[in-house]
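Visitor: I am new to this structure and would like a walk through it. Could we begin once it is on display?

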Amino acid sequence: MQYTDKVLDHFTHPRNVGEIADANGVGEVGNAKCGDIMKIYLKVSDDGIIEDVKFKTFGCGAAIATSSMATELVMGKSLEEALELTNKAVAEALDGLPPVKMHCSVLAEEALRSAIADYYKRMGKDPAEILGFDPTASSHHEHEAHTH
């Protein structure tokens, strides 16, 4: 399996690893079939800008790289801009992923959306109205089987 230089770079030197103690949005998603778990922490300013974002990922190199890239892509962005981030954009920013690893970029997108939904809930807003659905309703949903 061939990984791009960017994937390898984000795997060996992941950006924004850790937790945010005073996070006001936390999202966690997992894929029970392959064992990947991603947790994303957001610190959102009063005007809806992502001031800080950190992640913790238990998973393969592609899972760590996609988490790292996703946090890089949303840092300093508005929540609206962050919600437009797709797994395809994450994969493209990494110069591509092997087809069997695309599900890692999907998890990264879902973890981010889950953290944003959590932020809206804490603000007393219904995330389903903003996102069109509530990704925090079932925190560990299953995806089709993938193998590492």
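The conversation below goes through the sheet, the helices around it and some single residues.

Visitor: What kind of model is this, and how are residues numbered?
Guide: This is a predicted model, in which local features need pLDDT of at least 70, side-chain atom pairs count only at pLDDT 80 or more, and totals for chains, interfaces and linings use all residues. Residues are numbered from 1 along each chain as its sequence is written, and side-chain values use heavy atoms, with hydrogens and water left out.

Visitor: Let us start with the sheet. How many strands form it, and in what order?
Guide: Three strands form an open sheet, in the order β1-β2-β3, and the pairing is antiparallel. Strands here are DSSP runs of E with at least two residues, helices are runs of H or I with at least four, and both are numbered from the N terminus. Two strands pair if DSSP finds at least two bridges between them.

Visitor: Which are the edge strands?
Guide: They are β1 (25–31) and β3 (50–58), each of which pairs on one side only. On average, neighbouring strands of this sheet are turned by 15° against each other, direction ignored.

Visitor: How many bridges are there between β1 and β2?
Guide: β1 and β2 (residues 36–44) are joined in the antiparallel sense over seven bridges. Within this pairing, G30 stands opposite I37, and E28 stands opposite K39.

Visitor: And between β2 and β3?
Guide: Eight bridges join β2 to β3, and these strands run antiparallel.

Visitor: What about the turns? Which residues have a positive phi there?
Guide: In the hairpin of β1 and β2, with four residues between the strands, G35 takes a positive phi near 90°. The hairpin of β2 and β3 has five residues between its strands, and G48 in that turn has a positive phi of about 80°.

Visitor: Which strands does α2 lie across?
Guide: α2 lies across β2 and β3 and runs at about 175° to β3. Such angles run from 0 to 180 degrees between N-to-C directions, and axes are lines fitted to C-alpha atoms, for helices over the stretch in contact. Helix α5 (residues 102–122) also packs on the sheet, where it touches β1 and β2, and its direction makes about 145° with that of β1.

Visitor: How do α1 and α2 pack?
Guide: Helix α1 (residues 5–12) packs with α2 at an angle of about 90°, and their axes are 8 Å apart. The two helices are therefore roughly perpendicular, a label for angles of 65 to 115 degrees; under 35 counts as roughly parallel, over 145 as roughly antiparallel and the rest as oblique.

Visitor: Which residues meet there?
Guide: From α1, V7, H10 and F11 meet G61, I64, A65, S68, M69 and E72 of α2. These residues divide into five nonpolar, three polar and one charged. Ala, Val, Leu, Ile, Met, Phe, Trp, Tyr, Cys and Pro count as nonpolar, Asp, Glu, Lys and Arg as charged, and the others, Gly among them, as polar.

Visitor: Tell me about V7: buried or exposed?
Guide: V7 is buried, with a relative accessible area of 2%. Buried means under 20%, exposed over 50% and partly exposed in between, with a 1.4 Å probe and protein chains only. Apart from neighbours within four places in sequence, V7 is in contact (heavy atoms within 4.5 Å) with A65, L94, G96 and L97.

Visitor: And M102, where is that?
Guide: M102 lies in helix α5 and counts as partly exposed, at 25% relative accessibility. Leaving aside neighbours within four places in sequence, M102 is in contact with N87, A91 and L97.

Visitor: What of S78?
Guide: S78 sits in the loop between α2 (61–74) and α3 (79–83). Its relative accessible area of 14% makes S78 buried. Beyond neighbours within four places in sequence, S78 is in contact with G48 and I49; G48 is the turn residue of the β2 and β3 hairpin.

Visitor: Last topic: how many disulfides are there?
Guide: The structure holds zero disulfides, a disulfide being a pair of cysteine sulfur atoms within 2.5 Å. For C60, the nearest cysteine sulfur is that of C104, 3.8 Å away. C60 counts as buried at 16% relative accessibility, and C104 counts as buried at 0%.
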